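Please look over the model below before reading the comments.

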Amino acid sequence: MKRLSGWDALLLSSETPNVHQHTLKIAVVDTSQFEGEPTFAAFEETFRSRLGDLDPFRYELVAVPLNLHRPMWREDAEVDFDYHVRRVTVPAPGGRRGLDALIGQIASTPLDRSRPLWQLYYAEGLAEHRVAVIGKVHHALADGVASANLMARAMEWPGHDHRETPPKEAGDPPTAEELLRSAARDHLRQLKELPAAVRDGAAGVYRLQRRARRRRGNPELAHLFTPPPTFLNRKLSAGRTFATATLSLEEVKATSKYLDATINDVVLAIAAGGLRQLLVDYQGRADQALIASVPASTDTTTDRITGNELSTMLVSLPVQVDDPLERLRLIRASTRIAKEDIALLGPKTVGRWLNYVPSLAMRATFRWMSRREAPNQLFNLIVSNVPGPRQRGRIAGAVVTEIYSVGPLAAGAAMNVTVWSYVDQLNISVLSDDRAFDDTHDATEAFISAFGELRRAASLPEATTDLATALPRARPDRIRSAARPDR
């Protein structure tokens, strides 16, 4: 058995009927070199053979009697392939738009907590001998880094010999007595660690407050904990929509080098420029800086395939600024402050504190938040940037041509933008609820436009709008002609 961490418990407890907490990983696969006939049955058999290397897919939640502690993972549960592995079809003509619509439907339903918290969808119908493998994994099971490592174990990589590990036999569920004994031991351990957690946390808060007093205010940056109201910030619906786009990773790297900025800063500048356009289009104005929650992993080791090791930066996105180079300058300043804040507080401080918050209190708080007709009180949206593999992976000889990833929405914040780099691609994924956009590709199109705007401002060549290695671009169905201030 394995105990959920404080972060794991938070992500489990924050799930409500309209705020799902699963993440999505999408691999587009060219089946022309698949070892055998590329059928659903062949894929399922290939996946079965890899299950021994994918231990978290055998984890099943077990509640502690009387809720005397956080739940635990039973690590050797049975896997019902009829439930976990499913066959779906991308609507004709089998392009990016149809695949994105299918993924939005998959994202709209929660996972069954009585089973291991994942599903895989084998999506047929893509053009040019391609299929998509869509993984749906609960965030409590794995964060972005752990999910990426888990995905890597399911593939073959150049220069690495793959040896299949036979799966363990399913064991018996733990008894109530075993669960209570484990809960008692963990409570005693936490009591011993409490003085150090309080001491270190108090010291971190003191350092943070002292540094905040010394900083000079910048009127162009958003103030912490005061995200402005936007059309994205309200009670979420249960339905989800999804959209993707691909930029040239080489061009993004060249842009960041030329402007002496990190790739993450350039990604945030693209997000700010795109959001500026979306705010003008959907609500008629972009006059206040937004706040983005930018998750960061505190453990990036390649052998971690489960759990959440997180910290979060709150970064100002100066959407009210017209000049893209000035937006980038302000974002660099904001990310520098946010990184310093995490270091002052301590990267793992929040995670340590979460170990002492009762799950019942977490669930009650998030149920209340998800029902409120109110914006998120901390941030406007989530923006993640995950560096992915620089080599192309394979599944039974078939080349993985693209990888996309996205995390969940948060209560009161109807947009998650996740950027995943893969070989020559910078792949953008946008998840929203089904009330946010007339067409979610409005968002991806705005981000493509913002990258082009940034390059023009830097006097760099025009950005590539279609990569030969990726699915063709999906443009919005229509061009918006007027703002929508009624939203």
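The points below concern a predicted model.

1. Packing of α1 and α11. Helix α1 spans residues 6-13 and helix α11 spans residues 359-371; their axes come within 9 Å and cross at roughly 40 degrees. That angle makes α1 oblique to α11, since an angle has to be under 35 degrees to count as roughly parallel. The crossing of the two helices, α1 and α11, is right-handed.

2. Residues at that crossing. On the α1 side the contact involves G6, A9, L10 and S13, and on the α11 side S359, M362, R363 and F366. Sorted by class, the contact of α1 with α11 has four nonpolar, three polar and one charged residues.

3. Burial in α2. Which residues of helix α2 (residues 40-50) are buried? They are F40, F43, E44, T46, F47, S49 and R50. The cover over these buried residues of α2 includes α3 (81-84) and the strands β5 (85-89), β6 (118-124), β7 (130-138) and β12 (394-395).

4. Salt bridges in total. The count comes to 27 salt bridges, with a side-chain nitrogen of Lys or Arg required within 4 Å of a carboxyl oxygen of Asp or Glu. Side chains of opposite charge can pair when their charged atoms come close.

5. R115 and D112. The side chains of R115 and D112 form a salt bridge, at 3.3 Å from N to O. R115 is partly exposed at 26% relative accessibility, and D112 is partly exposed at 30%.

6. R189 and E193. In this salt bridge the closest N and O atoms of R189 and E193 are 3.1 Å apart. Both residues belong to helix α6 (residues 176-214), where they are four residues apart and therefore separated by about one helical turn. An α-helix has 3.6 residues a turn, so residues three or four places apart point the same way. R189 has a relative accessibility of 37% and counts as partly exposed; E193, at 36%, also counts as partly exposed.

7. R329 and E326. Here the salt bridge has an N to O distance of 2.7 Å. R329 and E326 lie three residues apart in helix α9 (residues 324-345), about one turn of the helix. R329 is partly exposed, with a relative accessible area of 45%, and E326 is partly exposed at 25% relative accessibility.

How values were computed. Residues are numbered from 1 along each chain as its sequence is written. This is a predicted model: local features need pLDDT of at least 70, side-chain atom pairs count only at pLDDT 80 or more; totals for chains, interfaces and linings use all residues. Side-chain values use heavy atoms; hydrogens and water are left out. Axes are lines fitted to C-alpha atoms, for helices over the stretch in contact, and angles run from 0 to 180 degrees between N-to-C directions. Angles under 35 degrees count as roughly parallel, over 145 as roughly antiparallel, 65 to 115 as roughly perpendicular and the rest as oblique. A crossing is left-handed if the near helix is turned anticlockwise from the far one by less than a right angle, and right-handed if clockwise. Contact means heavy atoms within 4.5 Å. Ala, Val, Leu, Ile, Met, Phe, Trp, Tyr, Cys and Pro count as nonpolar, Asp, Glu, Lys and Arg as charged, and the others, Gly among them, as polar. Buried means under 20% relative accessible area, exposed over 50%, partly exposed in between (1.4 Å probe, protein chains only).
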